[in-house]
Amino acid sequence: MDKEKAKNSKKFVALCGRIFRDADPKYFPSAQYRGRTLRFCTESCLGAFLADPDIFYKVHRNSEKNKDVKP
Ligand SMILES: [Zn+2]
């Protein structure tokens, strides 16, 4: 992989903390939560979120240092 290509490649972080390179977020599952669009690595990851959004978000938001600390 050359640097030129890496620069232009897409990168995003799923809510669970997995980092994807050379990946387009539009091909991954997403969901709206508190006015934000969250990305997920897999359909099962999305399923886990949908099963209990608040818990899943609480567990994983640490990685993105969310300012919203309300319970
Ligand atoms: Zn995931």
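How many salt bridges does a search of the whole structure find? One. A salt bridge here is a side-chain nitrogen of Lys or Arg within 4 Å of a carboxyl oxygen of Asp or Glu.

1. Basis. This is a predicted model: local features need pLDDT of at least 70, side-chain atom pairs count only at pLDDT 80 or more, and totals for chains, interfaces and linings use all residues. Residues are numbered from 1 along each chain as its sequence is written, and side-chain values use heavy atoms, without hydrogens and water.

2. The salt bridge. Arginine 34 pairs with aspartate 54, the closest N and O atoms being 4.0 Å apart. Arginine 34 sits in the loop between E3 and E4, and aspartate 54 in helix H3, 20 residues apart. Helices (H or I, at least four residues) and strands (E, at least two) are DSSP runs, numbered from the N terminus.

3. The core. The largest nonpolar core has 16 residues; Leu15, Phe20, Leu38, Phe40, Phe49 and Phe56 touch the most other members. Such a core is a set of buried Ala, Val, Leu, Ile, Met, Phe, Trp, Tyr and Cys residues joined through side-chain atoms within 4.5 Å. H2 gives the largest share, three residues.

4. Helix H2. Cys45, Leu46 and Phe49 are buried (under 20% relative accessible area; exposed is over 50%, partly exposed in between; 1.4 Å probe, protein chains only). The face turned away from the buried side of H2 carries exposed Glu43, Ser44, Leu50 and Ala51. The buried residues of H2 pack against E3, strand E4 (36–39) and H3.

Definitions and conventions. Contact = heavy atoms within 4.5 Å.
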